[in-house]
Amino acid sequence: MQEIVASVLVLKDTAGHLLHEPWAEQTRRLLRESGLDLRPLADLIPVPSWYIPDFLTPPPTTPAPDFQSQLAALRATPPAQVRADLEHLVDVESPWISELHDDPTDGLDRLAYLIERYWNLAIAPHWPRLRALQQGDVLYRGRRLADGGAAMLFEDLAPIVRWRDDRLYIAHPRYAGTHSLDGQGLLLVPSVFVWPSVFSSTIEPWQPTLTYPARGVGSLWTQGERSTPEAVAAVIGRSRALLLAELEIPASTTELAVRTGLAPGSVSEHLTTLRAAGLVTAHRAGRFVLYTRTSVAESLLTAPVTHGLQRTG
């Protein structure tokens with residue numbers, strides 16, 4: 001749901017999210033061809049705005065949430081909570097929002113139907129790639145947290161996010177305030193479409209959540225070929241070197257096969273060899289296994305190349 005909401009923001013303000021312009025152009029065409037009227041959802045996501053109703057983005061309850069479970073959570077939002085969230089919207093006038101406020105139960109059913117159609121049209125075809133980026137980021141953040149605590153975790157999360165003196169600072173352009181978690185914890189949610197901004201939610205009774213850009217978004221809509229490190233290829237073979245280069249972002253066997261053009265069986269065999277050599281590790285994320293480079297592989301790929309021997313003495 002977070003990706004759905006953020007993607008609508010992209011459609012309404014593509015100039016502020018130019019990285020996603022190829023997707024936005026394709027989606028606008030599909031919306032025109034299908035005749036789908038997105039306004040009831042778009043009205044709830046104003047641009048600019050300091051707040052989007054929290055019931056639209058229920059916090060995920062599992063590390064790998066699926067669309068249908070989140071849609072069910074949306075439908076099950078108590079009417080009183082829908083009204084409370086809508087009342088946080090300011091300077092937004094819409095007959096549809098008034099109808100939703102008056103009859104949340106019927107309004108949520110209509111909204112869920114619209115969201116499902118939009119999902120199938122605009123998000124589902126790209127979901128395997130989006131999910132791989134999200135899950136790869138979760139693995140990366142977990143490793144950062146284990147290696148250096150909160151300071152390292154937040155160090156490269158987003159330009160407007162900083163961790164200092166056991167406090168998290170977020171430089172929101174249209175909002176200022178402070179919030180104490182009081183033991184609730186902070187849920188971190190990687191997102192593709194939220195780039196280049198971050199979303200934070202601290203209004204009760206929702207779980208405090210920070211949604212931030214997943215790593216690797218920059219190459220999401222491009223089809224350029226990744227160069228193979230020639231020196232590394234000479235040692236371990238071109239296919240294995242190519243796989244290591246592609247694993248800048250953790251990926252599954254299927255994703256690597258699509259991106260490299262190698263047969264899935266060949267990819268699996270090469271990954272087994274690279275794993276045995278300590279160059280990649282495997283992590284299960286829900287029903288998928290994601291592979292990522294180890295620090296040894298990082299050193300191998302970034303090591304300076306020297307040519308010939310230098311005589312000394």
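Tutor: Let us begin with a definition: a salt bridge is a side-chain nitrogen of Lys or Arg within 4 Å of a carboxyl oxygen of Asp or Glu. Please keep in mind that this is a predicted model.

Student: How many salt bridges are in the whole structure?
Tutor: A search of the whole structure gives 8 salt bridges. One of them joins Arg29 and Glu33, whose closest N and O atoms are 3.4 Å apart.

Student: How far apart are Arg29 and Glu33 in helix H2?
Tutor: They are 4 residues apart in helix H2 (residues 21-34), which means that about one helical turn separates them.

Student: Which residue forms a salt bridge with Glu99?
Tutor: Glu99 pairs with Arg110, and their closest N and O atoms are 3.1 Å apart. Glu99 belongs to helix H6 (residues 95-102) and Arg110 to helix H7, so this pair ties together parts that are 11 residues apart in sequence. Glu99 counts as partly exposed at 40% relative accessibility, and Arg110 counts as partly exposed at 41%.

Student: What about Arg144 and Asp156?
Tutor: Their side chains meet in a salt bridge, with 3.6 Å from N to O. The pair links distant parts of the chain, 12 residues apart: Arg144 is in helix H8 (residues 127-155), while Asp156 is in the loop between H8 and strand S1 (161-164).

Student: Why does Arg144 count as buried?
Tutor: Arg144 counts as buried because its relative accessible area is 16%, and the cut-off for buried is under 20%. Asp156, by contrast, is partly exposed at 33%.

Student: Which residues are linked in a network of salt bridges?
Tutor: The network links Asp137, Arg141, Arg144, Glu155 and Asp156.

Student: Now to packing. At what angle do H4 and H7 pack?
Tutor: Helix H4 (residues 67-75) and helix H7 (residues 104-123) pack at about 160 degrees, and their axes are 9 Å apart. That makes H4 roughly antiparallel to H7, because angles over 145 degrees count as such. The crossing of H4 past H7 is right-handed.

Student: Which residues make the contact?
Tutor: From H4, the contact uses Phe67, Gln68, Leu71, Leu74 and Arg75. From H7, it uses Leu108, Asp109, Ala112, Tyr113, Ile115, Glu116 and Trp119.

Student: How many of them are nonpolar, polar or charged?
Tutor: The contact of H4 with H7 has 8 nonpolar, 1 polar and 3 charged residues.

Definitions and conventions. Residues are numbered from 1 along each chain as its sequence is written. This is a predicted model: local features need pLDDT of at least 70, side-chain atom pairs count only at pLDDT 80 or more; totals for chains, interfaces and linings use all residues. Side-chain values use heavy atoms; hydrogens and water are left out. Axes are lines fitted to C-alpha atoms, for helices over the stretch in contact, and angles run from 0 to 180 degrees between N-to-C directions. Helices (H or I, at least four residues) and strands (E, at least two) are DSSP runs, numbered from the N terminus. Angles under 35 degrees count as roughly parallel, over 145 as roughly antiparallel, 65 to 115 as roughly perpendicular and the rest as oblique. A crossing is left-handed if the near helix is turned anticlockwise from the far one by less than a right angle, and right-handed if clockwise. Contact means heavy atoms within 4.5 Å. Ala, Val, Leu, Ile, Met, Phe, Trp, Tyr, Cys and Pro count as nonpolar, Asp, Glu, Lys and Arg as charged, and the others, Gly among them, as polar. Buried means under 20% relative accessible area, exposed over 50%, partly exposed in between (1.4 Å probe, protein chains only).
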